[in-house]
Amino acid sequence: MSVRRLADEAIQPSGFAFTRENKAWAKETIKKYPKGRQYSAVIPLLMRAQDQDGWVTRAAVEHVAEMLDMPLIRVLEVATFYTQFQLEPVGTKAHVQVCGTTPCMLRGAGDLIDVCKKKIGPEPFKTNGAGTLSWEEVECQGACVNAPMVMIFKDTYEDLTPERLEEIIDAFEADKGDSIEPGPQVDRYTSAPASGFTTLTDENAILKQPQSAQSAGDETAGTMIPPSRAGKPKTGAMETSKAVKSPSPVKASGADEKSASAEAPKENDTQADRPAEETEQTERTRTHSDRPKSEEPELRSPQLKKAKASKETQPGPETPVESERPAAKSRRGTQKKPR
């Protein structure tokens with residue numbers, strides 16, 4: 001997104017003030033937020049200032065900051081961040097916002113931009129000679145099914161052709177914009193298929209009852225029909241008992257409580273000793289890196305390994321007892337003593 005700044009000081013007005021109606025509206029809007037959270041009203045107030053003057057001026061930013069007791073830089077951050085705020089003068093009769101994202105571009109948004117360049121001016125955000133019309137290219141306006149489309153102030157005009165857009169611009173220029181109905185500009189109901197309905201084409205299938213039954217029902221319109229109890233079935237379950245209400249008009253019987261309670265599952269000694277299925281699956285799928293190491297870090301020295309091996313050695317049935325082992329002859333014992 002390009003850098004957005006306030007308009008040049010040469011075109012900035014000297015001051016700003018809400019009208020009496022807008023001032024009362026602004027005060028009521030601020031009261032909607034909890035005490036100490038008045039900063040949250042900055043966007044609605046800036047939008048009301050734009051609706052009043054047509055664009056957001058420096059004086060309007062300062063006025064909103066003063067009303068909210070908000071630092072001026074914070075209000076400037078909001079005004080320059082959101083592209084919904086016009087920071088320069090726009091057309092007084094119409095500001096055409098052409099959607100230029102992928103669905104609209106594939107459906108002919110480029111041709112609509114060419115119409116704006118021809119009817120209004122070659123550059124966006126620049127008014128025509130009379131200052132009544134301006135245009136810009138914007139991001140998605142949320143009417144992709146009805147592409148291509150434009151937005152003029154707060155109304156959308158969809159399913160456009162270049163010829164139809166020229167007619168709309170001419171109508172706004174002649175102060176006849178109210179004669180153009182917003183929405184699809186073709187024979188289409190909102191976002192329904194442009195070729196017409198493909199399902200539920202039978203009116204009797206769409207209605208709750210056929211036309212014949214509906215006309216018969218009109219004759220008996222004055223007859224009282226008892227309400228349905230489909231949502232209040234009469235059962236013997238404890239959940240629908242009157243005793244559940246508080247305060248209870250009746251007392252719950254022991255039979256009802258017993259029928260409503262569920263017994264705990266019986267234990268199976270054979271199944272209790274078996275590992276869970278997910279545990280066995282984990283053991284089977286364990287990778288080499290997940291297996292525990294056979295040797296602890298503190299037993300890596302040769303002395304500790306030897307000590308551990310001697311502790312783990314158990315005498316077998318054929319291992320002689322220590323007392324039965326023959327004493328080892330030392331070399332000194334084999335030497336003869338001098339005479």
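# Close-up views of a predicted model

**View 1. Gln50 sits in helix α2 (residues 42-53).** The model shown here and in the other views is predicted. Gln50 is buried, since its relative accessible area is 10%, and the cut-off for buried is under 20%. Leaving aside residues up to four places away in sequence, Gln50 touches Trp55, Val56, Gln84, Phe85 and Gln86. One of these partners, Gln86, returns in the next view.

**View 2. Gln86 belongs to the loop between α4 and β1.** Is Gln86 buried or exposed? Its relative accessibility is 6%, so Gln86 counts as buried. The contacts of Gln86, again without residues up to four places away in sequence, include Gln50, Gly54, Trp55 and Val56. Gln86 also touches His95, Gln97, Phe125 and Glu136.

**View 3. Helix α2 crosses helix α3.** The two axes come within 10 Å and cross at roughly 140°. That angle makes α2 oblique to α3. The crossing of α2 and α3 is right-handed. From α2, the contact is made by Val42, Leu45, Leu46 and Ala49. From α3 come Ala60, Val61, Val64, Met67 and Leu68. What kinds of residue make up the contact of α2 with α3? They divide into 9 nonpolar, no polar and no charged.

**View 4. Helix α3 (residues 58-68) also meets helix α4 (residues 72-81).** Here the axes come within 9 Å and cross at roughly 125°. This makes α3 oblique to α4. The crossing of α3 and α4 is right-handed. On α3, the residues in contact are Val61, Glu62, Val64 and Ala65. On α4, they are Leu72, Val75, Leu76 and Ala79. The residues of this contact divide into 7 nonpolar, no polar and 1 charged. Val61 and Val64 of α3 meet α4, and these two residues also take part in the contact with α2.

**View 5. Helix α6 (residues 109-119) carries a set of buried residues.** They are Ala109, Leu112, Ile113, Val115 and Cys116. Where do the buried residues of α6 fall when seen down its axis? They lie within an arc of 155°, so they line one face of the helix. Several elements pack against the buried residues of α6. Among them are three strands, β1 (94-99), β2 (133-138) and β3 (150-152). Helices α5 (102-106) and α7 (162-173) pack against these residues too.

**View 6. A cis peptide bond joins Ala147 to Pro148.** Omega of this bond is near -5°. Most peptide bonds are trans. Where does Pro148 lie? Pro148 is in the loop between β2 and β3.

**View 7. Pro193 and Val145 come together from separate parts of the sequence.** They are 48 residues apart in sequence. In space, their C-alpha atoms are 9.0 Å apart. Pro193 lies in the loop between β5 (183-184) and α8 (203-206). Pro193 is partly exposed, because its relative accessible area is 41%.

**View 8. Asp159 and Asp175 each have a positive phi.** Most residues other than glycine have a negative phi. Asp159 has a phi of about 55°. Asp159 is found in the loop between β4 (155-158) and α7. For Asp175, phi is near 60°. Asp175 lies in the loop between α7 and β5. Which side of the cut-offs does each residue fall on, buried or exposed? Asp159 has 8% relative accessibility, so Asp159 counts as buried. Asp175 has 59% relative accessibility, so Asp175 counts as exposed.

View 9. Of its 339 residues, 26% count as buried. How many of the contacts between residues at least 6 apart in sequence join residues at least 24 apart? The share is 62%.

Key. Residues are numbered from 1 along each chain as its sequence is written. This is a predicted model: local features need pLDDT of at least 70, side-chain atom pairs count only at pLDDT 80 or more; totals for chains, interfaces and linings use all residues. Side-chain values use heavy atoms; hydrogens and water are left out. Axes are lines fitted to C-alpha atoms, for helices over the stretch in contact, and angles run from 0 to 180 degrees between N-to-C directions. Helices (H or I, at least four residues) and strands (E, at least two) are DSSP runs, numbered from the N terminus. Angles under 35 degrees count as roughly parallel, over 145 as roughly antiparallel, 65 to 115 as roughly perpendicular and the rest as oblique. A crossing is left-handed if the near helix is turned anticlockwise from the far one by less than a right angle, and right-handed if clockwise. Contact means heavy atoms within 4.5 Å. Ala, Val, Leu, Ile, Met, Phe, Trp, Tyr, Cys and Pro count as nonpolar, Asp, Glu, Lys and Arg as charged, and the others, Gly among them, as polar. Buried means under 20% relative accessible area, exposed over 50%, partly exposed in between (1.4 Å probe, protein chains only). The arc is that of the directions from the helix axis to the C-beta atoms.
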